[in-house]
Amino acid sequence: MTESVLIKLALLILFLPLIGFIVTLLFGKRIKWLYWFENSILILAFLLSAVLAYFKLTHFTDQTLISEFEWINLGSIPFVKSIIIDLGIMLDNITVLMILTVNIVSLLVHIFSVGYMKGDKRYNRYFSYLGIFTFSMLGIVLTHNLLMMYVFWELVGLSSYLLIGFWYEKKTASDAAKKAFIVNRIGDIGMFLGILTLFLTYNTFSFDKIFYQISTGNLPFGTEFGLTVAGVLLFCGAIGKSAQFPLHVWLPDAMEGPTPVSALIHAATMVAAGVYFMIRVFPILSGDALLVIATIGALSAFIPATIAVTQNDIKKVLAYSTISQLGYMIMAIGVGAYTFAFFHLVTHAFFKAGLFLGSGSVIHSMHHEQDMTKMGGLRKKMPLTYITFLVASLALSGIPFTSGFLSKDGILAGTFAFGSLTGYWYFAAVGFIVAFLTAFYMFRAIIMTFHGKPKNKEKFEHAKESSFVMAMPLVVLSALSLFFWYSLNPFNPNEGKLLSSWIKTPEISVPQSARYEFMKTDDKIINKENLEEVTYSNSYTEAIHHAHYPTLFTSASLALLGILFAFIFYQWKVFDPNKFAEKLKPIYLLSFNKWYFDEIYYASFVAGTIGLSKIISMFDNKFIDGIVNGSALFTKNFSAFTGKFDNVVVDGLVNMMAYISGMFGLFFRRFQTGKVQTYILFVVFSLIILLYIFR
Amino acid sequence: MINITLYHYLIVSSVLFCLGIFGVITRKNAIMVLMGIELILNAANINFVAFARYGNFGNSGQLAALFVIILAAAEAAIAMAIVLNIYKTFTNINIDEIDTLKD
Amino acid sequence: MDQILNSLHYIKPEISAAIALSVLVIIDLIMGKNKKYLSIVMILGLLATTYFIIEQFGNSSFAFNSDSSKFGLLAVDSFGSFFKLLIILSSLIVVLFSITSYEIKKAKERLGEYYSLIWGMIIGMFFLVMSADLIVIYLALELLSLSSYVLAGITKDTLRNSEASLKYVIYGGVSSGIMLFGISILFGNTGTTNIYEINALFQTQQLQGLVVTLSALLIFAGIGFKISAAPFHFWTPDVYEGAPITITAYLSVASKAAGFALLLRFTKVTLIDSINTDGSWNLISLIDWKTFLIIISILTMTLGNFAALWQNNLKRLLAYSSIAHAGYILLGLIALSNEGLMAVMIYFVIYAIMNLGAFFVVMLIANKTGSEELDDYRGLGKVAPLLTVSLAIFLISLTGLPPTAGFIAKLYIFLALINSKMIIVAFIALLNTVVSLYYYVRVLKYMFLDKSEKEIAPIKINFANSILLIVLLIPTILLGIYFTPLVEFAKNSIALLGF
Amino acid sequence: MQNFPILSLLTFLPIVGMIFILSLTKRQEKTIKWITLIVTGVQLLIAIVILFFYNFSMAGINDPSSFQFVEKFRWIEITGLAWVGTIKIDYFLGIDGLSVVLVLLTTIVTFIATFASWNISKSIKGYFALFLLLDTAMLGVFVSLDFFLFYVFWELMLLPMYFLIGVWGGPRREYAAIKFFLYTLLGSVFILLVMIGLYFSATETLANGSKVFSFNILTLMDTANYTTTGILSPFNPNNLRFIAYIALFIGFAIKIPMFPFHTWLPDAHVEAPTAISVILAGVLLKMGTYGILRISYPIFPDITIQLLWYIGLFGMINIIYGALAAMAQKDFKKLIAYSSVSHMGYVLLGMASLTTASLSGAVLQMFNHGTITAMLFIIVGIIYDRAHTRDMDAFGGIANQMPIYTGFVAVAFFAAIGLPGLSGFISEALVFVGAFSSELIRTITIISTLGILLGAGYMLWAFQRIYFGELNSKWKELKDLELREYFMVVPLTLIIILLGVYPSLILQFMTTSVNALVKFMGDAQIIISSIN
């Protein structure tokens with residue numbers, strides 16, 4: 001295994017799903033079994049990525065492999081340097097781990113879909129869309145430059161559009177698809193501008209070259225503020241794609257797509273691309289930019305968590321939970337807990353995919369019923385689904401011995417340490433509150449779905465455990481939600497290989513003065529033996545270390561408390577949740593109506609744009625054209641006056657120039673009376689006037 | 001006895017010219033209009049002769065007047081023929097009723 | 001007397017024309033009712049005259065000098081020959097038109113008169129373009145006018161025909177009367193009627209500005225009547241509409257050309273002060289002739305174009321269009337340079353071809369349908385493709401769109417204008433072109449885009465007419481693509497006697 | 001190859017075809033169509049041959065020696081005019097990186113438009129004759145290097161277009177046709193004035209040493225050729241260069257069409273038959289921007305640089321205004337027409353920053369917009385042929401009825417939105433990259449990025465309304481694509497995808513020239529500013 005073989009392997013993994021997409025799309029209509037082609041390609045891709053990950057992590061642990069080629073060369077440019085745009089891929093540990101994650105989830109979702117989508121009239125088309133998605137997602141993961149990042153960023157947007165709108169006969173589905181695409185575009189504009197800013201300064205899109213330039217002190221527009229602006233602009237892309245506040249509104253609607261799609265795209269992988277992107281550009285994020293990111297992350301963690309508490313649609317609950325968890329990761333990046341952000345990304349991918357597939361299993365067996373108030377008691381009918389769902393929920397809630405516990409604890413420790421170092425304690429506060437809320441709404445969902453008595457007898461009778469193809473992915477994913485894959489010590493994630501040797505906090509390129517205080521290099525002590533991991537500085541590492549056990553205890557307790565509350569309200573019915581809601585009506589309504597984001601956006605932006613476009617269109621027809629066309633009213637009156645005019649108007653003489661011309665013409669016609677004496681009179685008059693002028 | 005100078009002639013010719021124009025514009029009868037034209041031509045003739053006489057320009061003025069008189073006759077003949085033709089088709093020679101050709 | 005005899009060879013073309021006229025009259029008398037050969041005699045006469053014009057080309061001399069003066073009554077020069085050639089060419093084409101014209105056929109018994117009167121016009125025009133004396137100008141103008149008054153009413157049997165004739169004669173009579181009065185005033189102040197001598201006086205003596213202005217204006221009334229420049233144009237639409245199409249075409253081309261030749265000569269000879277090396281002219285300061293012409297020109301083209309927007313009779317539309325073209329041609333004069341003069345000459349050749357072509361098609365269509373109303377042109381594109389496509393090309397050329405000859409004509413006018421730094425005028429003229437597009441294209445719209453409500457029979461034309469049409473069509477397109485010969489010709493013809 | 005008059009062959013081949021067609025009788029409809037197809041096909045081949053022999057390293061722009069496939073001979077020469085000197089006009093053809101791309105575009109679009117014309121049923125002979133005449137005019141504009149010749153071709157295009165819209169168009173065709181005609185003629189009036197003004201301002205030295213006025217565009221670019229008194233000469237302190245520039249710009253802007261001169265476009269598009277819409281949007285609109293790049297920019301570098309901000313501003317207005325106007329449309333074709341307004345805005349924006357990236361982007365955007373919009377109009381045509389309506393609200397669920405068609409629609413729509421991987425993205429991105437790097441128009445560029453969002457908005461909305469949702473039972477009979485339609489959409493789709501993945505295929509032709517243009521603009525501006 002040499003480097004070039006690894007690169008070729010990575011490229012193969014990248015393009016395999018594309019081949020699957022093309023073949024399945026073109027011939028899927030004729031050849032019914034073609035979805036197996038797509039599936040086997042995914043199996044192959046998964047195996048290859050496992051091989052790739054193994055060799056990269058073992059043989060080239062500390063190396064970053066880059067391969068690029070010249071894509072566009074604008075020649076020798078006068079006054080400036082040359083502009084050469086390279087495309088290429090980069091392999092580091094994060095990349096291979098991410099590839100592996102994507103391929104695992106993608107493969108499992110493929111397999112699950114074989115059962116779930118059975119009987120759909122566009123069965124093969126569905127798989128081809130999954131293929132293009134996988135391709136685009138791998139592209140995001142593999143790229144070594146911002147341009148390709150943007151390209152694949154848009155392509156996942158496209159596949160998301162296609163898959164959300166897969167059942168386009170439903171208006172809600174096509175609406176949701178459109179909404180997802182457009183809302184994402186808002187973020188993309190920011191990201192695009194950010195990329196432009198960087199390209200303007202560095203004339204390159206490649207990460208490594210940009211990082212190097214920044215580390216030499218060459219900043220966008222020459223100021224640290226420019227760097228911050230660039231960072232925040234790039235982050236806009238993540239806001240859109242990772243459905244962060246205030247652009248989170250598309251994700252709940254995106255649940256109109258088939259459930260496996262929700263699992264793959266809108267929970268595990270694509271929405272995490274925003275986080276991944278932030279991880280990629282982390283070295284250039286200045287302190288101010290990070291603070292913005294952390295704030296957005298905190299808001300996104302908190303608001304959806306409060307909404308999830310009152311939702312009745314099982315997928316909506318999971319969707320809001322996804323936003324909330326993504327908020328966690330974003331917040332983690334903002335507070336500098338780089339490694340935990342990625343770690344949570346991976347663990348979340350598995351358990352959230354598990355949850356979605358589990359809910360898919362439920363929905364499938366309930367004949368596409370998603371409303372939890374109509375479920376209940378499914379525990380007996382679907383034990384396997386129940387258990388896997390439970391395990392994944394525990395992981396999501398951050399209960400010890402799960403992967404979620406490890407990663408979430410790390411993030412909370414990061415916020416805690418951040419608070420202690422900078423005084424911004426509210427990130428930690430938000431983190432803990434959300435941990436409580438998460439546990440509460442997840443177990444509310446479990447209880448409403450699986451516990452208690454069935455609310456809809458008829459559907460309940462028909463419900464049955466899912467087939468093997470659907471059950472198997474659930475089992476795998478719930479297994480991946482347990483702690484031992486990541487660290488053998490269930491209470492300390494740093495003991496696993498993943499965090500101790502594979503994922504390293506990168507070198508920061510930002511100038512010292514623009515960093516957080518605790519990220520400055522002069523504080524650094526290279527003393528590997530004392531600590532599991534060396535991050536930016538001694539103080540930060542120390543602070544995290546100290547925060548570890550307090551947060552561990554607090555978060556576990558809060559999660560358990562949340563579970564307890566859920567049981568109190570929904571299982572044991574000590575308090576009637578409805579009455580409780582009645583008492584807190586304003587808050588309940590706010591949460592139930594998703595903080596009215598959709599309504600506000602619709603009333604302001606959507607209606608505003610459409611209104612503006614109508615005005616412009618009117619303006620175009622009536623005014624701009626009117627300037628040339630002459631006012632309609634006047635034309636009408638005039639045509640009545642002359643009679644003939646109307647004919648000519650209908651003939652096409654409606655524009656103002658011709659209109660004025662017509663007036664002129666009519667004016668001149670007046671002189672042509674047909675009486676020769678009048679003519680002579682005119683001649684004599686004109687002569688007198690001319691004589692007067694030229695006397 | 002007043003001395004008749006060039007200016008007297010010029011005044012006469014100007015009056016004649018104006019009368020001619022006036023006649024052309026106001027008369028209804030085509031014949032009268034043609035007479036107006038003759039007046040205009042004769043006003044010019046008076047000018048030619050008077051200028052030649054008073055300005056010592058030789059006999060070119062008189063010559064010009066002769067030509068004009070001949071042409072006036074020719075023009076009158078042609079015009080009369082045309083008026084005759086009009087009378088045949090319109091059965092009147094009232095000039096302001098002949099206005100079928102107009103915008 | 002010697003002088004007169006010596007000068008006779010300068011007027012060979014005119015003599016030839018006069019002889020041809022006599023022969024025609026005699027043959028008409030001899031043959032009586034048989035009019036078959038008249039056209040052939042006419043054409044032969046025209047060809048003979050053409051020969052003498054070409055023979056004379058390049059001569060440059062005064063003819064019929066008075067004893068005391070070095071200037072003569074006539075100025076024989078290339079400029080005059082150019083216009084004579086143009087006139088004879090258009091006469092030839094119009095005679096060919098006349099052979100098939102339904103209107104003329106109806107008045108067959110008057111064919112002899114018809115051709116003789118055309119000869120009368122030709123002789124008048126010949127003298128007009130070469131005259132150097134105001135009295136000769138007046139005489140030639142009257143000869144031209146008197147013939148055309150009769151020609152306008154030659155068919156007699158239609159109402160509008162007679163009306164056109166009457167209006168023409170009254171309007172023309174008054175105009176020439178006014179002109180004559182102007183000439184008499186100028187004569188009174190200068191003591192001469194020779195324009196060269198008048199020019200010499202203008203340059204040396206202090207004359208009263210008002211008198212010069214008055215006489216110039218009055219003289220222009222006569223010229224303006226001939227070239228139908230606003231505000232002396234009023235007769236044009238009515239007479240054009242009323243007269244037979246052949247005569248309308250002839251008036252719009254030949255008579256106008258003669259009028260313009262006169263105007264050019266009058267301006268360049270009488271009112272000139274000096275000529276710069278770059279070919280631009282300085283006029284005498286007694287009268288602001290340039291501004292005057294600018295006003296007349298813009299007024300003429302604007303009025304012509306805008307009034308044409310409303311016309312539903314194609315003849316009348318072309319009448320207004322010819323008024324507008326007079327305005328464009330005046331632009332060439334406004335440039336007050338040899339270049340402008342050349343532009344005018346180029347314009348005239350092209351204008352003659354395309355305008356005659358347009359009238360020819362209108363005539364051929366009218367021969368069949370008996371109408372020139374636009375409404376009757378609906379859907380003609382289907383039944384008469386050759387005719388309508390030709391008309392389309394002529395009209396496009398009249399608009400001045402490349403690659404037709406009309407564009408070249410306009411191009412040279414604008415080249416001259418802009419070289420004289422008259423950009424605003426050029427701009428107004430170009431905007432006028434845009435307006436003109438509308439009414440020309442309206443004809444195309446009726447022919448090609450609209451559908452006829454009634455069934456129209458296909459219009460067939462005979463072989464000779466197709467040939468004639470194509471002969472007119474070819475230069476209309478070819479001169480738009482390769483115009484060197486034309487420009488060379490015009491370049492060699494701008495030599496006015498004395499300059 | 002460089003000596004063979006290949007450009008003349010390319011340009012005048014359609015005229016030969018036209019003469020052939022005119023000599024046929026009306027009944028030989030098949031033959032007429034096939035002649036047209038063969039002519040346009042051969043043209044495409046010739047264009048490919050030209051590409052094959054094209055030398056990437058030769059720049060063109062202002063250097064006569066580095067133009068390729070040059071044909072130059074004296075067309076009109078009149079000597080011995082004492083007062084103005086010799087009058088001469090050259091027949092001067094040649095291509096460089098700017099034109100070669102558009103020549104290729106023209107041949108592709110015309111070839112495809114021939115297929116789109118296949119179902120024309122009314123007076124076929126006239127239609128194809130005019131079609132070929134139009135073809136000649138379009139190519140002529142792109143290959144001529146003499147202003148006079150350029151102008152002749154420019155105007156030659158109007159009449160066929162008038163008839164093609166006016167005779168074969170929709171219900172309000174006459175109105176649309178005359179509007180198009182008057183508008184564009186008004187524009188050309190401005191161009192003509194400036195052309196003549198330029199003619200009298202610069203001289204060219206002939207072989208015998210005499211100086212003559214010149215219409216040669218390349219001569220006009222060189223400041224050294226200007227006379228001291230010419231009205232458009234920089235040496236003349238009272239020159240009218242500024243006014244002339246504005247006039248010339250308006251002349252070209254009408255064709256682009258730039259706000260506020262765009263109102264002819266929606267009408268013309270809506271009424272024109274499909275093939276003509278394809279040509280109109282695919283090629284004709286490019287003439288405006290090409291004219292600006294070929295003539296306005298290098299001849300008036302000083303004024304250009306003064307006015308760059310305004311050009312950018314109008315680009316921005318075009319982008320946003322066009323997008324918003326498109327959003328309000330109910331007529332499918334009108335929506336596409338307004339999207340053209342928006343997309344041409346990117347070209348203007350790209351031209352407003354004199355950087356290689358944005359100029360390359362602008363030229364590439366011309367090409368890409370040509371192919372994408374051509375495809376969009378074909379798409380409209382396909383559905384209109386079947387359903388006989390273009391009201392988007394009347395549709396719905398077409399995706400189920402015509403899945404293959406919808407697939408192609410998706411490609412075209414997403415290309416128009418600027419989805420990466422499809423050609424539209426590259427050009428827009430290059431435009432933005434370049435425009436953003438120009439400090440002068442940075443704010444404008446940032447606002448213009450809204451166009452990306454609005455573009456997605458109206459396109460996806462239209463897509464949803466027409467193709468998604470339950471199938472309206474009215475459209476149960478609609479058939480999917482037929483063979484002829486595959487011939488139109490498949491090549492365009494391939495081009496769109498290919499250029500999206502590997503834009504250098506087209507970019508390589510223009511980079512040298514674009515760089516030369518950028519360099520020339522900078523140098524010339526310095527020279528001219530040193531004069532004043």
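**Entry 1: a helix in chain C.** I started with helix α4 of chain C, residues 78-100, in what is a predicted model. This helix has 23 residues, and I got 34 Å from its first C-alpha to its last. At 1.5 Å a residue the expected value is 33 Å, so the span of α4(C) is close to it. Next I asked how many residues of α4(C) are buried. The count is 19 of the 23, so α4(C) is largely enclosed by the rest of the structure.

Entry 2: I then turned to α9 of chain C, residues 195-204. Its buried residues are C:Ile195, C:Tyr196, C:Ile198, C:Asn199 and C:Phe202. Where do they sit when seen down the axis of α9(C)? They fall within an arc of 160°, so they line one face of the helix. I also looked up what covers these buried residues: the cover includes α7 (134-152), α8 (159-190), α12 (245-270) and β3 (272-275) of chain C.

**Entry 3: the largest nonpolar core.** This core has 740 residues. Those that touch the most other members are A:Ala353, C:Ile346, C:Tyr347 and D:Val278. Helix α15 of chain C, residues 338-369, gives the core its largest share, 24 residues. Leaving out residues up to four places away in sequence, C:Ile346 touches C:Ile408, C:Ala409, C:Tyr412, C:Leu486, C:Val487 and C:Ala490. A reminder to myself: in soluble globular proteins, nonpolar side chains tend to be buried together.

**Entry 4: chain A overall.** Chain A holds 29 helices and two strands. Along the principal axes, its C-alpha atoms fill a box of roughly 120 × 70 × 60 Å. Of its 695 residues, 57% are buried. I also checked contacts in chain A between residues at least 6 apart in sequence, and 79% of them join residues at least 24 apart.

**Entry 5: one residue of chain A.** Is A:Ile303 buried or exposed? It counts as buried, because it has 23 C-beta neighbours inside 10 Å and the cut-off is 20 or more. Apart from residues up to four places away in sequence, A:Ile303 touches A:Phe245 and A:Trp595. I noted A:Ile323 as well: it is 20 residues from A:Ile303 in sequence, with 9.1 Å between their C-alpha atoms.

**Entry 6: where the chains meet.** Five pairs of chains touch, and which pair has the most contacts? That is chains A and D. Here 46 residues of chain D are in contact with 45 residues of chain A. On the chain D side, the elements that each supply at least two residues are α7 (173-199), α12 (301-327), α14 (356-387), α17 (423-437), α19 (450-467) and α21 (504-531). The largest share, eight residues, comes from α21(D). By class, this side of chain D has 26 nonpolar, 16 polar and four charged residues.

Last, I checked chains B and D. No contact joins them, and their closest C-alpha atoms lie 25 Å apart.

Notes:
Residues are numbered from 1 along each chain as its sequence is written. Chains are lettered from A and ligands numbered from 1 in the order in which they are written. This is a predicted model: local features need pLDDT of at least 70, side-chain atom pairs count only at pLDDT 80 or more; totals for chains, interfaces and linings use all residues. Two residues are in contact if their C-beta atoms, placed from the backbone, lie within 7 Å. Helices (H or I, at least four residues) and strands (E, at least two) are DSSP runs, numbered from the N terminus. Ala, Val, Leu, Ile, Met, Phe, Trp, Tyr, Cys and Pro count as nonpolar, Asp, Glu, Lys and Arg as charged, and the others, Gly among them, as polar. A residue is buried if 20 or more other C-beta atoms lie within 10 Å of its own, exposed if 12 or fewer, and partly exposed in between; C-beta atoms are placed from the backbone. A nonpolar core is a set of buried Ala, Val, Leu, Ile, Met, Phe, Trp, Tyr and Cys residues joined through C-beta atoms within 7 Å. The arc is that of the directions from the helix axis to the C-beta atoms.
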